[in-house]
Amino acid sequence: MASSFFSILLLLVSFKSVFSKYEPNWESLDSRPNPAWYDEAKFGIFMHWGVYSVPSFGSEWFWKNWQSGDPAYVNFMKENYPPGFEYPDFAPMFRAEMFNPDAWADLLAKSGAKYFVLTSKHHEGFTNWKSNVSWNWNSEDVGPHRNLVGDLAKSIRARTKITFGLYHSLYEWFNPMYLDDKENGFKTRGYVTNILMPELYDMVNTFKPEYIWSDGDWEASDTYWGSTEFLAWLYNESPVKDTVVVNDRWGSGCMCHHGGTYTCQDRYNPGVLQKHKWENAMTVDKKSWGFRREANLDDFLTIHELISTLAETVSCGGNMLMNVGPTHDGRIVPIFQERLTEMGDWLRVNGEAIYASKPWRVQNETKTPGIWYTSKDGIAYAIVLQWPTDNTLELMAPTTDPSQTKVAMLGLNVDIEWKQGAGGKGMVIQMPQVPVSQIPSDYAWVMKLSNVK
């Protein structure tokens, strides 16, 4: 009798587990753990590509800044375009005639990225696929006359192991329905009902993105946007319900408080270990997410700066999402190609310290700047951003055992000598004395520390 009772009880518990639903409220939604792939990935590539890529001046906020009367944008238009020219007139020029999705996919694979996020729609409202609620303001009705999202998703999935994701803006600067709702204090929801929700459901069902990077949320609450209802569907019923990750931009007050991964602000890099999974979404071009024709060489982060940011981010438990902006005709210009391939070259040697790593008990050295730690399988990795001038590296954080502790440099098959520091504290490592041509990296080096605490 007891055996039958417990069998029935176990069956009921299993049944409840299988059919349990995330409720449309933050307490329930925030209880969902992120799929493991996201934390293990550590490094992704972001791309902002849209009509703003045609003027390619200032930033991806070109339309908004121009209409707001920013003198730089107003003068740019006066000097380069005829009177009466309007922003939608740029759309036919967004032709993407040189866009080769296979080449993009191959470049992304070379970068070492494990996931990718493309703008499906930015705040201008132009969609990079034929959204049924964005008539004549999408990449199939005007401009490229092709499904940019679909073409790239197909190539990435066919040619790489990179996880495909999409950026999507909740609001549209000049959509009349949105402006009406805003005028009414967001007490009406015509835009959400007729534009936003049909578009989101279509995007997920059509492209099955495993990361949805939401944005444009800050003017209204999550209640107006219908965010919790959408996320409950996404987690419970969507075709990506078991693998999808979302960020934290789902309504005013949500950022850094609700969602799967916290972005908190653009280029967020707190420098200390965080309690919740987070992401540093940042740009190679320091001034813009979209492509800029007026950019100078000094406006681009160097590969050393990018690797330093990656090391700091991963050490503190974050992922780094590195943005580049394609041109209106579909090219990724050489400066971005160079940064992507340089990052890939470094990760091919040192990825052991990055991919699927965990924060160590200490994130960085305080006495010796420019050293960040990660860990994996009981091993600590010290990412050294500056080669010591005297070839001697002093680490204070590790607790060593002279009979057990071993040191290696990733990418170099030689014994690394070390000794305990003064008073038996820390360790002093002799950097390898080998020809420069044999040093595995030009930018940063990883010391693999076995049997340290």
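How many of the residues of strand S7 (residues 318–324) are buried? Some notes on that and on what surrounds it, bearing in mind that this is a predicted model.

1. S7 is mostly covered, with 7 of its 7 residues buried. Side chains in a regular strand alternate between the two faces of the sheet. Here both faces are covered: Gly-318, Met-320, Met-322 and Val-324 sit on one side, and Asn-319, Leu-321 and Asn-323 on the other.

2. As for strand partners, S1 (residues 43–47) runs parallel to S7 and is joined to it by 5 bridges; Gly-44 has Leu-321 as its bridge partner there. S6 (residues 278–283) is also parallel to S7, through 6 bridges, and Trp-278 stands opposite Gly-318.

3. Met-322 turns up again in the largest nonpolar core, which has 110 residues. Together with Phe-116, Trp-225, Phe-230, Leu-234 and Met-343, Met-322 touches the most other members. Helix H9 (residues 190–207) gives this core its largest share, 9 residues. Apart from it there's another core of 22 residues, including Trp-418 and Met-431.

4. Met-343 is worth a click. Leaving out residues up to four places away in sequence, Met-343 touches Phe-43, Ser-111, Ile-303, Leu-306, Ile-307, Leu-310, Met-320 and Met-322.

5. Met-343 also belongs to the contact between helices H6 and H13. H6 (residues 101–111) and H13 (residues 334–350) have axes 6 Å apart and an angle of about 40 degrees, so the two are oblique to each other. From H6, Leu-107, Lys-110 and Ser-111 take part, meeting H13 residues that include Gln-337, Leu-340 and Arg-348. The contact residues split into 4 nonpolar, 4 polar and 2 charged.

Terms used:
Residues numbered from 1 in each chain as written. Predicted model: local features only at pLDDT ≥ 70, side-chain atom pairs only at ≥ 80, totals over all residues. Heavy atoms only, no water. Core = buried A, V, L, I, M, F, W, Y, C linked by side-chain atoms within 4.5 Å. Buried < 20%, exposed > 50% of the residue type's maximum accessible area, 1.4 Å probe, protein only. Helix = DSSP H or I, 4+ residues; strand = E, 2+ residues; numbered from the N terminus. Contact = heavy atoms within 4.5 Å. Axes fitted to C-alpha atoms, helices over the stretch in contact; angles between N-to-C directions. Parallel < 35°, antiparallel > 145°, perpendicular 65-115°, else oblique. Nonpolar A, V, L, I, M, F, W, Y, C, P; charged D, E, K, R; others polar. Pairing = 2+ DSSP bridges.
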